[in-house]
Amino acid sequence: MTGTPTTPFGPDAFQLVLLRRMADFQPDLADEARRRLGASLAEQREANRRWQAMVRSPRARGALARYRSVLGPPESAEPRRIGDLECEALLWPVSLWPDLRFEVLAARNGAVWNEWLVRAPDARGPVLESAGDLRPWSATVDEVARAFAPARPLEGSAPTRWGLAFTASGRAMAAEFTYGLLQRVRDAA
């Protein structure tokens with residue numbers, strides 16, 4: 001990926017930003033994925049710095065426009081209804097996780113409500129029957145919630161993090177996710 005600060009910020013740089021937050025939980029997996037992208041730690045830090053600058057700039061584009069400029073046209077965009085709310089679900093492929101898509105849920109006015117990784121519509125999800133099936137990076141928030149219903153949402157420790165409380169294998173468990181991808185599971189004490 002070797003590049004300079006003038007290199008356009010594209011999908012690989014965006015994936016480095018995702019990995020930076022995932023490294024808080026799974027440093028070895030994130031490091032291996034960074035190497036698969038052909039990026040150095042310095043390039044990852046630079047990608048994160050540039051992303052943060054785009055997000056915080058006083059002249060910043062809206063979140064949806066930013067995703068479109070960085071990731072290109074979405075692979076798919078379709079209307080979705082969540083309760084009484086209508087939005088558009090946009091999906092982009094991510095090379096590190098071929099069976100996943102980066103999903104952005106946006107209001108009609110372009111405001112982004114949610115952004116995370118989801119299973120690709122044509123991909124088979126994991127078989128989740130017990131706590132032992134819950135391995136890092138193996139499942140999404142939605143998949144764990146469905147497999148271990150009723151699951152209860154937990155507040156994440158950062159805007160890109162989510163949690164779920166559920167029962168698996170007769171034990172109260174808590175799962176933590178970054179950008180919607182499972183990072184770790186622990187017994188809920």
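Asp-24 is partly exposed, at 43% relative accessibility; that class spans the range between buried, under 20% relative accessible area, and exposed, over 50% (1.4 Å probe, protein chains only). Asp-24 meets Arg-161 in a salt bridge, 2.3 Å from N to O. This is a predicted model, where local features need pLDDT of at least 70 and side-chain atom pairs count only at pLDDT 80 or more, while totals for chains, interfaces and linings use all residues. Residues are numbered from 1 along each chain as its sequence is written, and side-chain values use heavy atoms, with hydrogens and water left out.

**Salt bridges**

- A salt bridge here is a side-chain nitrogen of Lys or Arg within 4 Å of a carboxyl oxygen of Asp or Glu. The count comes to 15 by this rule.
- Arg-161 lies in strand β6 and Asp-24 in the loop between α1 and α2, so their bridge ties together parts 137 residues apart in sequence. Helices (H or I, at least four residues) and strands (E, at least two) are DSSP runs, numbered from the N terminus.
- Arg-161 is buried, with a relative accessible area of 15%.
- Arg-36 bridges to Glu-32, with the closest N and O atoms 3.6 Å apart. Both residues lie in helix α2, four residues apart, about one turn of the helix.
- Arg-49 forms a salt bridge with Glu-46, and their closest N and O atoms are 2.7 Å apart.
- Why are Arg-49 and Glu-46 separated by about one helical turn? Because they are three residues apart in helix α3. Salt bridges that share partners also join Arg-21, Asp-24 and Arg-161 into one network.
- Arg-49 is partly exposed at 47% relative accessibility. Glu-46 is partly exposed at 23%.
- An α-helix has 3.6 residues a turn, so residues three or four places apart point the same way.

**Helix α2**

- Helix α2 covers residues 27-36, and its buried residues are Ala-30, Ala-33 and Arg-34. They cover an arc of only 105° around the axis, which puts them on the same side of α2. The arc is that of the directions from the helix axis to the C-beta atoms.
- The cover over these buried residues includes α1 (11-22) and α3 (41-56).
- Gly-38 follows α2 and has a positive phi, near 75°.

**Buried glutamates and their arginine partners**

- Glu-103 sits in strand β3 (residues 100-106). Its relative accessible area is 5%, so Glu-103 is buried.
- The side chain of Glu-103 makes a polar contact with that of Arg-80, at 2.8 Å. A polar contact is a pair of N or O atoms within 3.5 Å; within protein, one must be able to donate a hydrogen and the other to accept it, and residues adjacent in sequence count only if both atoms are side-chain atoms.
- Beyond neighbours within four places in sequence, Glu-103 is in contact with residues including Arg-80, Leu-90, Trp-116 and Val-118. Contact means heavy atoms within 4.5 Å.
- Glu-176 belongs to strand β7 (residues 171-178). Glu-176 counts as buried at 16% relative accessibility.
- A polar contact of 2.5 Å joins the side chains of Glu-176 and Arg-184.
- Leaving aside neighbours within four places in sequence, the contacts of Glu-176 include Phe-25, Trp-162 and Arg-186.

- Ala-168 is in strand β6 (residues 161-168). Ala-168 counts as buried at 1% relative accessibility.
- Not counting residues up to four places away in sequence, Ala-168 touches Ala-131, Phe-148 and Met-173.
- The C-alpha atoms of Ala-168 and Leu-128 are separated by 9.7 Å, and the two residues are 40 apart along the chain.
- Ala-145 is placed in helix α5 (residues 141-147). Ala-145 is partly exposed, with a relative accessible area of 22%.
- Ala-145 touches Ala-151 and Leu-164, residues up to four places away in sequence not being counted.

**Nonpolar surface**

- Ile-82, Leu-85 and Trp-113 make a nonpolar surface patch of about 290 Å². Patches are made of residues with over 30% relative accessible area and no salt bridge: like charges are joined within 9 Å, nonpolar side chains (Val, Leu, Ile, Met, Phe, Trp, Tyr) within 5 Å. Accessible areas come from the Shrake-Rupley method with a 1.4 Å probe; for residues, only the protein chains shown count as cover.
- Leu-85 is found in strand β2 (residues 85-93). Leu-85 is partly exposed, at 47% relative accessible area.
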